[in-house]
Amino acid sequence: MGMLKDKDHHIVPYSVYINVWLALLVLTVITVAVSYVDMRHVAVLTAVFIATGKSMLVLLYFMHIRFGKPMYMVMILVVLAAYAVFIGLTFFDYGFRA
Amino acid sequence: MSQVSSAAGGHHEHHDPEANKIGMWLFLFTEVLLFGTLFIAYAVYLNWHRWDFMAGSHELDKLMGATNTVILLTSSLTMALSIGALERGKKALSLIMLSGTLLFSFAFLCVKAVEWTHKYHHGIWPDAEHLGVLPYGQQLFFGLYFTMTGLHAAHVIIGAVVILFAMGLVARGKVHQGRVDFLENTGLYWHLVDLVWIFLFPLFYLIH
């Protein structure tokens, strides 16, 4: 009786979610571990880099972007591009203040 | 062709899961920009008061932050599994996983409450006298800390209420194998709450 005719509706194996969760835990351990290394200015950059990797895993697998219509990926990229413009314009101002 | 219409017995229902999903994503984008502007404020002040931010970060409890990260990541797993279970028609398993997510959301809030209590006893609290004598950059750091983790905690509470509501719908069979979109959208919201924490945790707890 289910709407199984819907081809877009990909049923993801449980193991995929469990593997993604394990990868997220490993990345969490890594980000905590590297925080004990004195990296001065690259500390924040490293933290953001690892967090970006983690959020890509969440977006692609838990939030089904990998399995859904490409339109959602396009929407997300447009939002991220707009956000990048905000950041760029903000630092174009604050970055050059005395 | 993803809408499901049923005209049985003169009863006509229009249901469009794809539209619901697009609407949910548009809402999530407004959430991204809400937290996004706060992250930009964080970035600007970090740039101006880097050493104060690092000193402030040193005051936060890494272990509690990491514990909450693991709790939220696991709650995201049980959320994803509950949707997977319902898609396979396994209602009981779906409800078990959802109660797991709910339990983890309470655990997260409990850890947060313990943390804030510790900070309170150390005189670090919005408008505290001790906070006023700290270097300006540290005041900004703790101001952003309470604003951003507070706003995030509010989202956890809202998410928990929505999950409870979704559990009711699943239990009563209103949300089922052929109609999972409400649960999927609940999941999207919950994963976004997790995403925000993925950035909050290292930027506040790990930058010293």
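Good morning. I begin with one residue of chain B, Leu144(B). Leaving aside residues up to four places away in sequence, Leu144(B) touches Ala41(B), Tyr42(B) and Tyr45(B); two residues are in contact if their C-beta atoms, placed from the backbone, lie within 7 Å. Leu144(B) belongs to helix α6 of chain B. Helices here are DSSP runs (H or I, at least four residues), as are strands (E, at least two), and both are numbered from the N terminus. With 21 C-beta neighbours inside 10 Å, Leu144(B) counts as buried. The term buried requires 20 or more other C-beta atoms within 10 Å of a residue's own, exposed means 12 or fewer, and partly exposed lies in between, with C-beta atoms placed from the backbone. Leu144(B) and Phe39(B) are 105 residues apart along the chain, and their C-alpha atoms are separated by 9.1 Å.

A word on the model. It is predicted: local features need pLDDT of at least 70 and side-chain atom pairs count only at pLDDT 80 or more, while totals for chains, interfaces and linings use all residues. Residues are numbered from 1 along each chain as its sequence is written, and chains are lettered from A and ligands numbered from 1 in the order in which they are written.

I turn to chain A. Chain A has 3 helices and 0 strands, in the order α-α-α along the sequence. Of its 98 residues, 19% are buried. An automatic or database domain assignment divides chain A into domain 1 (9–67) and domain 2 (69–98). The C-alpha centres of these two domains of chain A are 21 Å apart.

How do α1 and α2 of chain A pack? Two packed helices are described by the angle between their axes and the distance between the axes. Helix α1 (residues 14–34) and helix α2 (residues 42–62) of chain A meet at an angle of about 170°, and their axes are 10 Å apart. The axes are lines fitted to C-alpha atoms, for helices over the stretch in contact, and angles run from 0 to 180 degrees between N-to-C directions. That angle makes α1(A) roughly antiparallel to α2(A); the cut-off is over 145 degrees, with under 35 counted as roughly parallel, 65 to 115 as roughly perpendicular and the rest as oblique. Residues of α1(A) in this contact include Val20(A), Leu24(A) and Leu27(A), and those of α2(A) include Ile50(A), Leu57(A) and Phe62(A). By class, the contact of α1(A) with α2(A) has 13 nonpolar, 3 polar and 1 charged residues. Here Ala, Val, Leu, Ile, Met, Phe, Trp, Tyr, Cys and Pro count as nonpolar, Asp, Glu, Lys and Arg as charged, and the others, Gly among them, as polar.

His64(A) is placed in the loop between α2 and α3 of chain A. Its phi is near 65°, a positive value in a residue other than glycine. Is His64(A) buried or exposed? His64(A) is buried, with 21 other C-beta atoms within 10 Å.

Next, the interface. How many residues of chain A are in contact with chain B? In chain A, 34 residues are in contact with 36 residues of chain B. On the chain A side, α1, α2 and α3 each give two or more residues. By class, that side has 26 nonpolar, 6 polar and 2 charged residues.

Chain B has 7 helices and 2 strands, running β-β-α-α-α-α-α-α-α from the N terminus. Its C-alpha trace spans about 70 × 30 × 25 Å along its principal axes. Buried residues make up 38% of the 208 residues in chain B.

In helix α1 of chain B, the buried residues are Pro17(B), Trp25(B), Leu28(B), Gly36(B), Tyr42(B) and Leu46(B). Their cover includes α2 and α3 (70–94) of chain A, and from chain B it includes α6 (136–171) and α7 (181–205). As for α7(B), 22 of its 25 residues are buried.

I close with two exposed residues of chain B. Asp127(B) is in the loop between α4 and α5 (129–133) of chain B, and its phi is near 75°, a positive value in a residue other than glycine. Asp127(B) is exposed, with 7 other C-beta atoms within 10 Å. Ala92(B), in helix α4 (residues 91–121) of chain B, is exposed with 10 such atoms within 10 Å.
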